[in-house]
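User: Could we go through this model together? I would like to begin with the backbone and then move on to other topics.

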Amino acid sequence: MGYGGSRRERQRQRPAPDPTEGARYTRARPSTLWKASTCMATFDILVLPGDGIGPEVMAEGVRVLEAVGQKYEHVFKFTHDVVGGASIDAHGVAIRPETLERAKASTAVLFGAVGGPKWDNPLADVRPEQGLLALRSGLQLWANLRPVVAVPALLHASTLKPEIIEGVDILVIRELTSGLYFGKPQERRVVNGRREAVDTNYYNEDEISRMAHLGFRTARGRKKKLTSLDKANVMASSRLWREVVTEVSAEYPDVKLEHVLADAMTMHLIRRPRDFDVVIADNMFGDIITDEASMLTGSMGMLPSASLGTLGPDGTGLGMYEPIHGSAPDIAGKSLANPLAMILSAAMLLRHSCGLEDEARAVEAAVTAVVEAGLRTADLASAGENVLNTKAMADAVLERLG
Ligand code: IPM
Ligand code: MG
């Protein structure tokens, strides 16, 4: 059969997916049809560099995808657009509706970072972060995968003791389209002459159940342990979260489930991080815990992420990929940023949206190789070590990629 056209077009021809069936986010299998095809695969990638160091690291992520395209004979068609502060400056909004539409029609979105002091006014109606939240919600990317893996060569770059973080391999799955970030009401108002504000931690059982299924399925393919975070001792939304996760656990007797209070988890994470395998968390707890977890790897500059919706039967689907480090305005424009989190995010894009597992692993292996060879950007370097700039670090990855 002809196998040209964009991946989205091909997916449209497939039967509607079972909402949980395709949701296996570790090691998506490349489509066998795909392998059998002699056509060159074409992938439409929407590139949204954003603000701060976003554009600098994005340039390197795109270069790596181009190199993968050349080596493995895939065509990546890049469309560039603005988001966040850059979009506010150019268009007055954090993301334009046409950008959102473009994202929906793409194979995947590669995202840099948004925000910076220039747009920090807390009273402003328009804020850079709205661009990111509109993409997460508009594309229904409800599952945010944040792998936290301690790289042996970087054990000494962490502020934690090497013997504590050695062997850490955690996958945090953060709920991304509900909870405190999106619950209504969310507003600021003046009542009886006094300022007040409210956020709402709304969750329904379907939103929790699909997170639980995803967590259990993912844990099944790993060390068979699932940790679910909540504050069930205080919050009604957390009690529902715990109840639904417990109900779903009956379908996965082979996976060990533990419920951990989110505040206690912040402690366990730096005391005994090796005890965790797959962790599921609501939107807010997941946000907080992953910043903390990034320190287990030595530097935030190493951590990629994938934001995914319900996947198709072949285990792939539209996703957005971004480093978790943010826009780092203090080092923007200085060529100091570590591009590895962005490059690893590109690897996740290859795996989860393109179904290119071999290519994803090749990129990850090249990143591991440069780190093992002792190459360091400023965030990873110890005193006296030679420091590479953003482009030189990416060059080293490209060299090893061949
Ligand atoms: C993240 C970030 C975002 C979030 C910000 C930039 C809106 O902290 O992706 O973790 O809070 O989700
Ligand atoms: Mg965060």
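User: Where is Pro185 placed?

Analyst: Pro185 sits in strand 6, which covers residues 183-191. Please bear in mind that the model is predicted.

User: What kind of peptide bond joins Lys184 and Pro185, cis or trans?

Analyst: The bond between Lys184 and Pro185 is cis, with omega at about 5 degrees.

User: And Glu73, is its phi positive or negative?

Analyst: The phi of Glu73 is positive, at about 60 degrees, although Glu73 is not a glycine. Glu73 belongs to the loop between helix 3 (54-72) and strand 2 (74-80).

User: Changing topic: how is the chain divided into domains?

Analyst: There is domain 1, made of 34-139 + 300-402, and domain 2, which is 159-297. Taken over C-alpha atoms, the centres of domain 1 and domain 2 are 24 Å apart. Their contact takes 9 residues from domain 1 and 11 residues from domain 2.

User: How much area do domain 1 and domain 2 bury between them?

Analyst: Domain 1 and domain 2 bury about 880 Å² between them, and 70% of that area is on carbon and sulfur atoms. The accessible area lost when parts come together is often used to give the size of an interface.

User: How many salt bridges are there between domain 1 and domain 2?

Analyst: The count between domain 1 and domain 2 is 0 salt bridges.

User: What is the count of salt bridges by the rule as a whole?

Analyst: The count comes to 23 salt bridges. One pair is Asp89 with Lys118, whose closest N and O atoms are 2.6 Å apart.

User: Now cavities. How many of 30 Å³ or more does the structure hold?

Analyst: The structure holds 1 cavity of 30 Å³ or more. The largest cavity has a volume of about 40 Å³.

User: Which residues line the largest cavity?

Analyst: The lining consists of Asn201, Tyr203, Leu229, Asp230, Ser237, Ser238, Trp241, Asp282 and Phe285. Strand 8 (225-230) and helix 9 (236-249) are the elements that give two or more residues to this lining.

User: Which element gives the most to that lining?

Analyst: Helix 9 gives the most, with 3 residues.

Conventions:
Residues are numbered from 1 along each chain as its sequence is written. Chains are lettered from A and ligands numbered from 1 in the order in which they are written. This is a predicted model: local features need pLDDT of at least 70, side-chain atom pairs count only at pLDDT 80 or more; totals for chains, interfaces and linings use all residues. Side-chain values use heavy atoms; hydrogens and water are left out. On a 1 Å grid over the protein atoms alone, a cavity is a set of points where a 1.4 Å probe fits but cannot get out, and a pocket is an open set with protein on both sides within 12 Å along at least five of seven lines; lining residues have an atom within 4 Å of a point. Grid points are joined across faces, edges and corners, and a volume is the space filled by probe spheres set on the points. Helices (H or I, at least four residues) and strands (E, at least two) are DSSP runs, numbered from the N terminus. Domain bounds come from an automatic or database domain assignment. Contact means heavy atoms within 4.5 Å. Buried area is the accessible area (1.4 Å probe) that two parts lose on being put together, summed over both. A salt bridge is a side-chain nitrogen of Lys or Arg within 4 Å of a carboxyl oxygen of Asp or Glu.
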